[in-house]
Amino acid sequence: MSAVPALEVRDLSVEFRTRSGIVRALDNVGFAVGKGETAALVGESGSGKSVTAYAVMRILDPAGKITAGRAMFGGIDLLQQSEKDIAELRGRDLSMIFQSPRTALNPIRRVGAQLADVLVRHAGATSAGARTQAIEMLKKVRIPDPERRAMAYPFELSGGMCQRVMIALALACRPAVLIADEPTTGLDVTTQATIMDLITELAAETGMATILITHDLGLAAEYCQRIMVMHAGHVVEDAPTSALMQRALHPYSAKLIAATPAASAELDRLASIPGNLPDLRRADLPPCRYCARCERRTDACEQPLPRHVQPDGHAVACWNPL
Amino acid sequence: MTSPPDVGSGVAGPLPTAGDATSGPPLLDVIELRKRFPVGAPAVGRLLTPFVARSRTRQPLLHAVDDVSFTIARGETVGLVGESGCGKSTLVRLINRLLDPTDGGIRLAGEELALIRARDFARSRHRARIQMVFQDAGDSLNPRYTAFDAIADPLRRLKRLTGTALRARVEELADLTGLPQILLGRFPHQLSGGQKARVGIARAIAVEPELLILDEPTAALDVSVQVVILQLLQSLKQRLSMSYLFVSHDLNVVRLLCDRVLVMYLGRIVESGPAAEVFARPAHFYTRALIDSIPDPARSKAAPRARLSGEPRSPIDPDPNVCRFHGRCPRGEVRCTQSMPVLRRLTAGHEAACHFAEEVTAVPV
């Protein structure tokens with residue numbers, strides 16, 4: 001990790017106002033991603049992975065409110081920028097690959113034209129130049145016969161092809177930070193592998209900081225140098241991949257690893273994680289949101305969460321780490 | 001277990017290695033099953049020229065399931081893997097008798113089911129014998145049925161249960177699947193993903209099927225819940241002595257649960273064999289690419305992995321002499337475009353449809 005991180009999120013808290021109360025979706029989320037680094041945000045559904053990404057990109061649902069925190073990018077706080085300034089950054093310096101490419105692409109516009117739009121808007125390309133650049137980008141994400149495919153509508157392409165177009169869109173302006181939100185969910189394993197190869201390869205080539213959001217710990221472990229484990233709006237552990245996989249410190253991360261079916265696992269040996277995520281609408285949420293499910297719970301867990309950091313950068317928010 | 005059943009083009013018999021698979025004739029015997037869908041011709045044109053044009057210009061056919069033969073023994077779990085669009089779902093719908101096959105046989109304990117039309121099957125006495133757990137429990141449960149109604153519906157229709165007998169059976173099923181009885185009055189939107197999966201399983205096993213088809217039963221679940229559901233399925237199989245046909249694209253899950261695996265590619269079975277054997281020594285380039293694609297943190301970054309390039313061939317009127325995998329196959333040769341490889345036996349129970357199967361098995365995974 002380089003000295004100055006490409007993106008640093010500090011103490012980010014997000015609330016959603018709903019009819020049945022305020023949902024405290026994120027609470028003091030903090031992490032940093034270095035230039036050229038690929039880091040993963042891992043957790044169960046509802047743990048706040050996507051909300052973190054949306055908050056940083058400033059595309060939260062209007063019901064969501066950022067109550068505290070900073071997201072530092074190149075010396076500026078993304079959370080303090082005006083709508084107009086952030087729109088300049090989005091797509092150019094900060095980019096995002098969305099889950100389900102078919103719904104994220106415009107269904108009634110040819111994919112080549114969608115790519116050209118980005119280039120004209122953010123890279124100042126002329127419309128003629130954007131066309132050739134768009135085809136160039138499609139070639140880069142290894143779409144066969146890019147000249148012809150540029151004229152296709154999203155429905156004419158397979159899921160893997162659509163995802164390649166999404167990647168081309170996200171990378172068109174060579175962003176400094178890329179957030180990939182479940183980029184391979186719903187794709188076949190063979191396609192998943194080629195898409196992940198492509199993302200990591202392009203990331204290494206352009207030196208982008210990449211955040212991979214996934215619920216698949218195996219995928220994160222294979223492709224990322226660092227893993228941040230989220231649970232109910234907290235980052236409970238943040239560690240280099242090998243350190244986490246060999247010796248997870250947070251009880252939740254350990255359970256998550258034990259529950260993931262791996263090559264050598266046997267069904268009886270796989271652990272389940274008892275209990276559910278706590279109701280984030282409760283006003284009296286305990287400091288540790290995992291404590292109700294935790295086997296290592298003690299009285300100390302009533303105190304505000306600590307943050308132990310080891311020399312190798314392995315951080316854990318737990319009173320009784322493993 | 002000594003002589004494989006005589007069922008067409010080289011089909012694996014029940015295997016000696018297949019754990020608790022019992023001896024005797026297979027429970028399910030699928031014989032040279034085919035399903036073709038007409039495609040392409042504009043509907044209006046067909047209406048305007050009802051008889052003349054159709055006889056003259058043959059309509060293009062999509063070969064969704066092509067010459068598929070396999071067996072499932074009693075008590076056996078067979079996994080069916082393959083990418084989207086390879087015909088898994090069509091095959092499952094044929095076996096489950098929701099679709100009529102174009103050609104071929106489906107025998108359940110020796111009785112031919114392929115001749116019963118799909119529309120009549122719901123009222124046939126065989127309906128209860130094959131049941132299915134659908135992919136997304138959230139989408140497949142009727143939103144206006146409570147959990148109780150969802151589980152009771154097949155019992156009312158197929159077992160003619162009513163009143164207290166019905167209530168007792170539903171409660172028994174809730175206990176069996178680990179669904180708290182207090183949740184029986186709830187609607188699907190009031191249940192968690194894991195609870196909905198339990199309702200989906202409970203209603204499928206309600207009528208005591210002999211064959212349970214599971215279509216990606218855990219795809220929509222978090223890993224923590226997935227483990228519990230897989231363990232539930234494993235214990236139910238033993239307690240109720242069912243056979244499973246387990247459809248999934250998560251190979252790690254297939255490896256955990258299945259005795260035997262069928263790998264499907266573009267409508268055809270390209271490899272079949274005992275799960276441990278297929279995962280350790282795949283004999284088809286496609287299977288190898290599938291296995292190499294499983295994310296594995298332990299894998300060395302330097303080791304070369306098989307990756308597929310290119311798009312699958314069109315399933316519409318495919319050339320019967322060309323290997324369906326040709327074009328994506330790293331090995332493809334002229335020979336592959338002149339004669340389509342058929343399933344052939346490599347070792348006991350392990351079969352692959354590739355001219356170079358021995359070559360593939362020779363390289364360790």
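**Labels and their cut-offs**

Student: How many salt bridges are there between chain A and chain B?
Tutor: The count between chain A and chain B is 0 salt bridges; the term asks for a side-chain nitrogen of Lys or Arg within 4 Å of a carboxyl oxygen of Asp or Glu. This is a predicted model, in which local features need pLDDT of at least 70 and side-chain atom pairs count only at pLDDT 80 or more, while totals for chains, interfaces and linings use all residues. Residues are numbered from 1 along each chain as its sequence is written, chains are lettered from A and ligands numbered from 1 in the order in which they are written, and side-chain values use heavy atoms, with hydrogens and water left out.

Student: What makes chain A and chain B count as being in contact?
Tutor: Contact means heavy atoms within 4.5 Å, and 33 residues of chain A are in contact with 31 residues of chain B. The area buried between the two chains, that is, the accessible area (1.4 Å probe) lost on putting them together, summed over both, is about 2,700 Å². Carbon and sulfur atoms give 57% of that area. On the chain A side, A:Thr190, A:Glu222 and A:Leu267 lose the most area to chain B, together 26% of what that side buries.

Student: Why is the pair A:Arg226 and A:Asp238 called a salt bridge?
Tutor: The closest N and O atoms of A:Arg226 and A:Asp238 are 2.6 Å apart, and the limit is 4 Å, so the pair qualifies.

Student: How do you know whether A:Arg226 is buried or exposed?
Tutor: Buried means under 20% relative accessible area, exposed over 50%, and partly exposed in between (1.4 Å probe, protein chains only). A:Arg226 has 10%, so A:Arg226 is buried. A:Asp238 has 5% and is also buried.

Student: What label do A:Asp117 and A:Arg109 get for accessibility?
Tutor: A:Asp117 is at 35% and A:Arg109 at 33%, so both count as partly exposed. Their side chains meet in a salt bridge at 2.8 Å, N to O.
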